[in-house]
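Dear colleague,

Please find the structure below, handed over for your own work. A summary of the findings follows.

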Amino acid sequence: MPAIKLTYFDLRARAEPARLILAQAGAKFEDIRVPAPWDDMEGWQKMKPTTPYGQIPLLEVDGELISESVAITRYCAREFGLAGKTTFESAQADEIVDALQGALEKQYEAYLFEKDETRKSTLQKAFNETVLPTLLGNLEKRLCSRGGDFFVGGALTWADIVTYNFCVELPDKTVVEKYPKISALVAKVGELPNIKAWVASRPKTSL
Ligand SMILES: N[C@@H](CCC(=O)N[C@@H](CS)C(=O)NCC(=O)O)C(=O)O
């Protein structure tokens, strides 16, 4: 097994999908957490230029660095057999992750780091009423078209784990209840023993 170190702020956010995959795989990894810029701007300003793109998360695998959260997550999925059994299945999983990532980036841009609580809740509400129903409606149909249990090949892949993480991180989880297949998938992934154990034991953070 490669020696894996995952470095991110002390947050779930962009590193959590990779952590969940590593946890599900039972892989050993170093979960390195550096203080967020709002807690230690000086420390982050020192670290920033040492990273390939001035941002984290970073994954170190046997001493080599990978940047970009989705590339990191995809590597973990491939390395630990959660990326589909064929190149076509891998593409099917990528499709779901890319669809979710598109919405996630909109969420980041719209409100995730908004400090003004009133403005944040207005922006959240707008996101819940526009972007989310379209995305979740489309994903529900996609899931049904692929058998209804898992997104790819009738077995667990990172597409399911990333969907789980996206849904449980939503500020208003009731939005997901309108989509029965997605809801069942989220519940099923949340009940996987390794996922359950990770979620119960991971550091408690705001994001
Ligand atoms: N596209 C990158 C974005 C990474 C990113 O935005 N990282 C943020 C934390 S979520 C960061 O490092 N912010 C500090 C900075 O940009 O100075 C990815 O998905 O990994």
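An N or O atom in the side chain of K48 is 2.7 Å from an oxygen atom of the ligand, and for the side chain of R14 the corresponding distance is 3.3 Å. Taken alone, the ligand exposes 510 Å², of which the protein buries 80% (Shrake-Rupley method, 1.4 Å probe).

The residues around the ligand (a heavy atom within 4 Å) are Y8, F9, R14, W44, K48, G54, Q55, I56, P57, E68 and S69. By class, this shell holds five nonpolar, three polar and three charged residues, with Gly counted as polar and Tyr, Trp and Pro among the nonpolar.

**Cysteines**

No disulfide (a pair of cysteine sulfur atoms within 2.5 Å) is found in a search of the whole structure. C144 is in none, the nearest cysteine sulfur being that of C167, 14 Å away. C144 is partly exposed, with a relative accessible area of 42%, whereas C167 is buried at 3% (buried is under 20%, exposed over 50%, partly exposed in between; 1.4 Å probe, protein chains only).

**Conventions**

Residues are numbered from 1 along each chain as its sequence is written, and side-chain values use heavy atoms, without hydrogens and water. As the model is predicted, local features need pLDDT of at least 70 and side-chain atom pairs count only at pLDDT 80 or more, while totals for chains, interfaces and linings use all residues.

With kind regards

Methods
Polar contact = N/O pair within 3.5 Å; in protein donor to acceptor, adjacent residues only side chain to side chain.
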